[in-house]
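Visitor: Could you take me through parts of this structure, please?
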Amino acid sequence: MTEQPPVPFDGKAFVKHLTNAPGVYRMYGADDQLLYVGKAASLKKRVSSYFSKAHNGRIALMVSQIQRMEVTVTRSASEALLVENELIKAHKPRYNILLRDDKSYPYVLVTAGAWPRIKSHRGTRAGKGRFYGPYPSVLAVRDTLNLMHRLFKLRNCEDSVFKNRSRPCLQYQIGRCTAPCVGLISEQDYAEDVRRAEYFLSGRSDALTQELTTQMHEASEALEFERAVQLRDLIGSIRKLQARESVENPEGDLDVLAASILGGTACVVLLSVRDGRNLGTRTFFPKLNGHSDVSDALGAFLSQYYFEHAPPREIVVDRDFDDREILQAALTEASGRAVQVRTQVRGRRAVLLDMARRNVATAVNTENASQGAQAARVASLVELLGLTATPKRVECFDISHTQGEATVASCVVFDEKGAVRDQYRRYNITGITPGDDYAAMHQALSRRFRPKDTLQETEAERVAEASEGPRLPDVLLIDGGEGQLKQARDVMRELGVEGVVLVGVAKGEARKAGHETLILDDGREVQPGAFSPALQYIQQVRDEAHRFAITGHRGKRQKARTSSKLEEIEGIGPRKRAALLKYFGGLGGLKSASVLDIAKVEGISEALAERIYAGLHGIEAMDPDGTQG
């Protein structure tokens, strides 16, 4: 019995039953794959436009794939914008413009807890605490942290150092910290300093100075002259900073954005000014997914970016776009204060907008040239490996460990345009003989390619897989020689995986770059040479896999080494563990101590000191009768 083809979606019939209310519509294709999410001030009018006239290019292709549609009615057009943004962020539909992740940008983090620390942060914002940024560069973060230490004297030391200090450090001596580590400031007063710093980081320095002025007068009237003087000095420092920066950049808080599309590459440059300080520019390359209009790209970027990051009071853009007023109203509602999105500016704002336009022109040209070079390297790879088509997905595996300790395997992914970092994977290798690279490679590949229904994946991994397109790579690079490549062949055969081109990348003489030998799946060995674009591409992917593996390995190793082995020793509870670490200044000092030194700690008997020494040095403790237990 032959399977019947799916019944075409009747868009005109679907539109008849729609309301004119605002809302969000979703288009689904074969296998219930989400194709597109859109917003509408009137659902009936917007959705009917897809089926009432002929379309060309991207829209015609998208409409031809629709199998069903769903709508969600909202109370307002601005609420529809919020819902649309959440759906795009969660599902990454094939035909929507997508904002690529900006995890590489640094933030200022104020940690959670009784004695918060202020520090720089790069990466996902999943930890506890409050994040401010992103900033355009590490230098901008350092300048901001330097300012926070001078004005509010917050600590910057690691928690392990903070918990084990017995006297103030140099930061206290030079007036950049209030020494909460040794109790020279109360928890309440320190929390107040943290709150003021966060006010300042949020761009509310005017409100902060007004508040401090009120507190200064109250302290003076209460005859608390020392506190009044401290508040006066803090107000003076903040106002001096405001005065200096208002001369340089009189705008206050605003973002200036310019957008461009060249050769299918979209680029948005964002220039940030906070509290009169020009923080520099950040560059983004949104994924167009078939769109070609610069205004559409800019509008999509703004809605996705500013529902993830707090907007300033004023946003200046280099062109108008659809739904600008709706976006302005939605940002105002979401942030709880008036937000303006402007296109016509003069004076200093016009100068900043021109700067953003110049930057976006440079950035999009540089990215285009880079993509052209990447395309040439990929074309050379096609020729070298005898492929019938350009590979859409290339993966590379690498193993990292230190003499068998903390073995980690990495898998990096590249597409036609370069690294796809949100699809990278690491595998913690367990249950093998330490140092057995072949077994480690076999385990990592088995876990990567085993059938989906046997995978025990996290929700984040399932979401990533849903958006990543083809599950199997076209080319699989294995960092290693014939032995590692054999593991890949065995795994593919065991799991019945076909259609993947396997390539082993063996290091050359003296591990020199350009001398690598490529071991092909048919047994041939090729040495393309340092000037081969194909080898340069393979080196790029292999080096990224190596970097990703060794970063994971170092993190795992450091975690294993810094987690206290004292927790595994019988008779050591939290109080004794804290006493030991404080007495010796940390685990390193404790490991260097003798049994007699350990026994000097209050509450530690000689027998327990021997158990501690034995546990830390991997030897068996002596029983009271002199035998090993």
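The talk below turns to a helix and then to aromatic rings.

Guide: This is a predicted model, in which local features need pLDDT of at least 70, side-chain atom pairs count only at pLDDT 80 or more, and totals for chains, interfaces and linings use all residues. Residues are numbered from 1 along each chain as its sequence is written, and side-chain values use heavy atoms, with hydrogens and water left out.

Visitor: Which residues are buried in helix 4?

Guide: Ser78, Ala80, Leu81, Glu84, Asn85, Leu87 and Ile88 are buried in helix 4. Buried means under 20% relative accessible area, with a 1.4 Å probe and protein chains only. Helices (H or I, at least four residues) and strands (E, at least two) are DSSP runs, numbered from the N terminus.

Visitor: What do those buried residues pack against?

Guide: The buried residues of helix 4 pack against strand 1 (23–28), strand 2, helix 11 and helix 12, where contact means heavy atoms within 4.5 Å.

Visitor: And what comes after helix 4?

Guide: Lys92 follows helix 4, and the phi of Lys92 is positive, near 50°.

Visitor: New topic: how many aromatic pairs are there?

Guide: The structure holds 13 aromatic pairs. Rings of Phe, Tyr and Trp (its six-membered ring) pair if their centres lie within 6.5 Å; planes under 30 degrees apart count as stacked, over 60 as edge-to-face and the rest as tilted. Tyr107 and Phe131 form an edge-to-face pair, at 6.3 Å centre to centre and 85° between the planes.

Visitor: Where do Tyr107 and Phe131 lie?

Guide: Tyr107 lies in strand 4 (residues 106–110) and Phe131 in strand 6 (residues 130–132), so the pair ties together parts that are 24 residues apart in sequence.

Notes. Buried < 20%, exposed > 50% of the residue type's maximum accessible area, 1.4 Å probe, protein only.
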